[in-house]
Amino acid sequence: MADPTGMRLLLRWVSPLLTLALAAFVVVSLTTADPAHQDRAERIGKQVRCPACEGESIAESPSSYAADMMGYVREMVTQGLSDQQILDRLMAAYPRSQMLDPPFQTRTALLWALPATALVTGLLLAFYRLRKPVAPESIRDST
Amino acid sequence: MLSLAGTLAVWTALVASGWLAVAGWQAARNPFADSRSIAALRRSLLVMVLAALGAMIILEAALLANDFTVSYVANHHSRHTPFPFNIATAWAALEGSIVLWGLVLAGYAYAVWRRATAGGTGPDSLDWGALAVIGAVGVFFFGLMVTVANPFEVCTEAAARSCTASSALPFSRAVGPPDGLGPNPLLQNHLLMAIHPPLLYLGYVGLTVPFAYGLSALALRRSGPGWLRRSGLWTRVAWVFLTAGITLGAWWAYEVLGWGGYWAWDPVENASFMPWLVATAFLHSSLVQERRGMLEAWNFVLVIGAFSLTILGTFLTRSGVIASVHSFTQSAIGPALLGFLVVVTVGSFALFAARSQQISSPPRLESPSSREGGFLLNNLLLTVYAMVVLTGTLYPLALEAFTGSEVGVGRPFFDRMAVPISFALLLAMGIGPALPWRVARARVVWSRVHLPLQVALAAGVLVIIAATRVGYVVMAVIAGSWVVAVAAARLWSQARRAARPKGANAWSMIPAVIRSDRGFWGGQLAHAGVALAAVAIACTANLSQTLDRVEMAPGDRVEFAGYELVHTGVSTTRTPNRLKSSAHVEIWKNGRRVGLAEPALSQFETSALPIATPGIHHTLTQDLYLSLTRIDEQAITLRAATAPLQWVLWLGGLTCAAGGFYSLVGRKRRRSGAVRSPEGERAGG
């Protein structure tokens, strides 16, 4: 920090501009990128629990039951069905299967609500209990 | 014979734990504890340690001597279990794992005693109180060993390969099967399996110690820095083991389980992750109390919470309520653990509530944009994270128990919740160390972070240009580099400041700066480990390519991810307890043979389903992961996947643990007298 004016200039103008430029490049390239073309059947299969095994998706499970189901998914993908159509038909064809990602319903509402409640409670608690009621007498830049 | 010795050892440990609880409590209540009560405490402690060690040694001896009259040996061991898995069998099933738990607990009790009596200030009632709590916890676990989880029962009726009836009375007429079935086949496939459970136990059980100090402080009305410093130290110890244990556990799953992943949000993984999150929160919020006297009540909540979560995790995985790789057979241990969990949480929080008036009211936060504010954010995120994992793990159980309807909560749910929280944590990890205590002015913060921010963004740009435009990967690289760059910039500016008065080279001052505040820099190293892990997770989750189930006859070749895979044949090896069929798959790239992978399916005589062992071709940029779903002489069914930068995940996890270890070494030094510069955080940038 040899030259204070040069330093200030750098901090005030050059640096923010450079940061903005880099950030803009990142944002633009990411928003214009093709959506990641992972195997669609694989992606759908990962959302469905293999009924014959514990907690594994049909895409991951080595069981033959899961292989059957994946085969059906692939078939429907090649037929060009939408994700939702595929899932609906799969559930109809294999009634014992379940989604691994629980849909939002009344019986699953708490699942989503509890973490949200924790977050809000935490924020409120921090805000009310620790809000600054003392006049900060000696505030310096750092300790 | 060994049953008798084992039973005696466990009963002795049980009695000694109870004695430790009583003697510890008596010594704690008397501020001038006389040498007689201290001597009683010491004696009970030594007996407990020796008896717990004895129980473990006897169990190992029974395994090594193939003494099938001991129920545990008959049910979980086989003459053909190879070394070192015959040793590891001691903790490969329920009863034995409780014996290990007891031994680790006794070990911690001894370490607490050593630490308390070796320090310069001398031990005080807080230490005695904590030992009393550890003794009480010991009563529960050794109590399990003599009742519902007794490994030393005498086998009284034997079938060909197992023990069909056993008795807890050591003088019953012993009958042993000629051989046993051996441990769960999954558990005798890889060396990591022998290592990662003991590490995790050192982590779990270690969290008993901060809990014990917290309870001791509450019971003795001794809030303040005393319990906090001790709890902080022991949480670090447990945390290092827990971090290493979780990492090695994930590594084991990847190398052995053959489904291509390392983390499935399986209940047992969650059971280790929740205490880790809460312990991590405590490590950070304890700094705020140490420094500013704030958040003491919250710190009590965290140490109680972390311990309760370890018991909850043990209940979930050991009681059979959730079936998984890790849950052992169903037994009466479930209700016992559930009861203990209720006693621990209700009892501790009742004590906390009763004492809450006496916990010093904290000075208020001057500004949310300050180091304290950063720690608050960190704690909020980590707690919500733990809450998400807890809810997701328990919800299906609770729903089924109360309404009977089944719902699956799996990977997609956890991923969706965990990804944003993890990114928020990474960003907080980057900004936090750059914030001064009390009040952070925007100008000061900007001067500390603008360069790291540009470095991080530049790293993102580089990845976009050179490698990939997948959003999660780019964002993980940016967030990760930001964390590392902020720490590096702090280090550099402090080294320069230290060098200036001496006219020295700033580079040469770096070791001294780091040594002056090992706690802080160990923490930064742990942050860097998390950053590495985040990048690796983003890469493996988003850039992996997969090939699903191709049928290959010998001689067939298949193109995949720039490789050519050639199936050249099948070989089978038979060992006494399993038939292992391996496929030989040559890996070619650009017309050159780069490797040979041998994915296999093993048929153990004890289990109907074959166990898949992957064949992994490791390279610096990615792993090629091959596994089988079917194999015979005519054909194999092969699955293949790439795992980009997989090794970086293991590096990150172990770096994280190493950071914790380094900060631990630093604390030791400080307590034995060396002067520590206050945080090394003087003056702005």
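## Chain B: local features of a predicted model

Asn590(B) counts as exposed because it has 8 C-beta neighbours inside 10 Å; a residue is called buried if 20 or more other C-beta atoms lie within 10 Å of its own, exposed if 12 or fewer, and partly exposed in between, with C-beta atoms placed from the backbone. This is a predicted model, in which local features need pLDDT of at least 70, side-chain atom pairs count only at pLDDT 80 or more, and totals for chains, interfaces and linings use all residues. Residues are numbered from 1 along each chain as its sequence is written, while chains are lettered from A and ligands numbered from 1 in the order in which they are written.

Asn590(B) sits in the loop between β6 (578–589) and β7 (592–597) of chain B. Helices (H or I, at least four residues) and strands (E, at least two) are DSSP runs, numbered from the N terminus. Although Asn590(B) is not a glycine, its phi is positive, at about 50 degrees. Ala561(B), also not a glycine, has a positive phi of about 50 degrees. Ala561(B) is partly exposed because 15 C-beta neighbours fall inside 10 Å.

| Residue | Backbone feature | Loop in chain B |
|---|---|---|
| Ala561(B) | phi about 50 degrees | β4 (557–560) to β5 (563–575) |
| Asn590(B) | phi about 50 degrees | β6 (578–589) to β7 (592–597) |
| Pro84(B) | cis peptide bond with Phe83(B), omega about 0 degrees | α3 (71–76) to α4 (85–88) |

Gln603(B) belongs to strand β8 (residues 600–604) of chain B. With 17 C-beta neighbours inside 10 Å, Gln603(B) is partly exposed. Beyond its neighbours within four places in sequence, Gln603(B) contacts Arg578(B), Leu579(B) and Pro610(B); a contact means that the C-beta atoms of two residues, placed from the backbone, lie within 7 Å. From Gln603(B) to His584(B) the C-alpha separation is 18 Å, and the two are 19 residues apart in sequence.

Chain B comprises domain 1 (1–183), domain 2 (185–350 + 373–387), domain 3 (411–541 + 650–671) and domain 4 (546–646), with bounds taken from an automatic or database domain assignment. Between the C-alpha centres of domain 1 and domain 3 of chain B the distance is 43 Å.

The model has an ipTM of 0.80 and a pTM of 0.91. For chain B the mean pLDDT (the predictor's confidence in each residue, from 0 to 100) is 87, and 93% of its residues reach 70 or more. Residues 668–685 of chain B have pLDDT below 50, and this stretch has 27 contacts in the model beyond near neighbours in sequence. Where pLDDT is low, the predicted coordinates should not be read in detail.
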